[in-house]
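Here is a short note for a colleague who is opening this structure for the first time. Please read the points in order, with the model on screen.

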Amino acid sequence: MPDLEPETAYFIQLQAICQFRHTKLKSERASISITTYPLPKSIDELAEIEDMLPGSSPQPYPTPPSVLELTVDRPYYHNGDLKANVSWIIPEEAFHDESDDIEIIVHWSPEACIADTAADSGLTKVMSSATQENFLILTDLRFDCRYQIRVEPINGRGISGVASNTTLSIPSCNHVHVVGKAKPDCPNTATRLPAEPRRLQYTFLISNSNITARLTWEAPDVEMLLTGYRVIWGLLLQSHGSKMDKGSSLTKVLPKESKSINIGGLMEATTYVAQVQALSRLVPGRIASIQFTTPLLQASRLDPPYHELEASHNDLDRKQENSRKKQEIAAVFATNVFTSTFGSRPDVLLRNAADKQTSKLFTRNLASNFPGCLCLVIFLWVIVDSLLQ
């Protein structure tokens, strides 16, 4: 950057811009403050300035500390603009000497909004402002948006510290706090609010120790004015019943055609809260909420599920019952064939074995029909063996 004025402070911002289809995408701005050197008035001053130029022995400069107690107040509508106050505390160790001025750079941008994105291309806008105070008024905010706020300290030498981050949720136009007599021009809300999504359910998808919860739901009874769905999920605060931990919550806005979402990267044996809300062009609808606890992966690897154990026991009982039935069928079949061949059942023949006349008759029949009896025995053996398999 040529032609800079001597002994002048400059604030510089750098931003990346790219074209994606018909949309121009912009990154967050990187900022730095510099102060040019004064013009030398003598040879000694010139030598002193040359010692400070790059290439000379470096002098260590401390990094300014991050701000403390970053707080965002309740958003409000005032004089035709939606605003919010953000405040912080600058640590005393940030001021190493009286000439070391600390400047605070604040960036804010919408993270998720309820809007018709096809008609509003300004939702990706990133705004920035610099101040030396311990507060700043955020302006140009939008209704029904969640903002990401980043506060970054920079000292007079242009060295930036670690940024602090927080979020800000802006309510709908009909629920915003108004300061003064001027009120926002909100759309008519006489239309019936969208009901909560119906039959909100969850299932777990586990792959390679990764736990994913799949949420499914059905559209509300009245869905003619729906523009989409807002899904919020986060950890359950154990000390507050069913309240969600806002610090761990994430938000995603889906089109109205979507009726499901996959939430990945979940921790095992952890309870989560998920909320699904139908959105319309006027106001958001009622919220459907559900809690779920992820499974313990180690326990599922060591012990088979109960339903698998129950199924294995049922299969064993079924096999034993089939074997018993086959044995009964084989016994009845063998008895009938024996009776038709020798004229008497096996049990009757054994009881009458002591009778000489009966014994002679059985021996005479067996001798006269020996080849047929041998074939009959082999046939019975094959049939019984096949039934007992």
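1. Surface. Accessible areas here come from the Shrake-Rupley method with a 1.4 Å probe; for residues, only the protein chains shown count as cover. The protein exposes about 25600 Å². Carbon and sulfur atoms supply 54% of that area.

2. Ground rules. This is a predicted model, in which local features need pLDDT of at least 70, side-chain atom pairs count only at pLDDT 80 or more, and totals for chains, interfaces and linings use all residues. Residues are numbered from 1 along each chain as its sequence is written, and side-chain values use heavy atoms, with hydrogens and water left out.

3. Overall make-up. The protein has six helices and 20 strands. Helices (H or I, at least four residues) and strands (E, at least two) are DSSP runs, numbered from the N terminus. Of the 389 residues, 28% count as buried. Buried means under 20% relative accessible area, exposed over 50%, and partly exposed in between (1.4 Å probe, protein chains only). Contact means heavy atoms within 4.5 Å. Among contacts between residues at least 6 apart in sequence, 62% join residues at least 24 apart.

4. The largest core. A nonpolar core is a set of buried Ala, Val, Leu, Ile, Met, Phe, Trp, Tyr and Cys residues joined through side-chain atoms within 4.5 Å. Which members of the largest one touch the most other members? They are Trp88, Val106, Trp108, Leu138 and Leu141, out of 23 residues. Two or more residues come from each of β7 (81–89), β8 (102–113), β10 (135–138) and β11 (145–155). β8 gives the most, with five residues.

5. Leaving aside neighbours within four places in sequence, Trp88 is in contact with residues including Val67, Leu70, Ile104, Val106, Phe135 and Val151.

6. A salt bridge is a side-chain nitrogen of Lys or Arg within 4 Å of a carboxyl oxygen of Asp or Glu. The structure holds five. One of them joins the side chains of Glu111 and Arg146 (3.4 Å, N to O). Glu111 lies in β8 and Arg146 in β11, so the pair ties together parts that are 35 residues apart in sequence. Is each end buried or partly exposed? Glu111 is partly exposed, at 49% relative accessible area. Arg146 is buried, at 14%. Arg150 and Glu152 also meet in a salt bridge (3.5 Å, N to O), and both residues are buried. Glu28 joins Arg150 and Glu152 in a network of salt bridges.

7. A three-stranded sheet. Two strands pair if DSSP finds at least two bridges between them. The order in this open sheet is β14-β15-β18, with antiparallel pairing. β14 and β18 (260–266) stand at the edges with a single partner strand each, so one side of each is left without a neighbour in the sheet. Neighbouring strands are turned by 20° against each other on average, direction ignored. Axes are lines fitted to C-alpha atoms, for helices over the stretch in contact, and angles run from 0 to 180 degrees between N-to-C directions.

8. The β14–β15 pair. Eight bridges join these antiparallel strands. Thr212 in β15 is the bridge partner of Leu205. Glu218 forms a salt bridge with Arg199, with the closest N and O atoms 3.4 Å apart. Glu218 lies in β15 (residues 210–218) and Arg199 in β14 (residues 198–207), so the pair ties together parts that are 19 residues apart in sequence. Glu218 is partly exposed, at 29% relative accessible area. Arg199 counts as exposed, at 59% relative accessibility.
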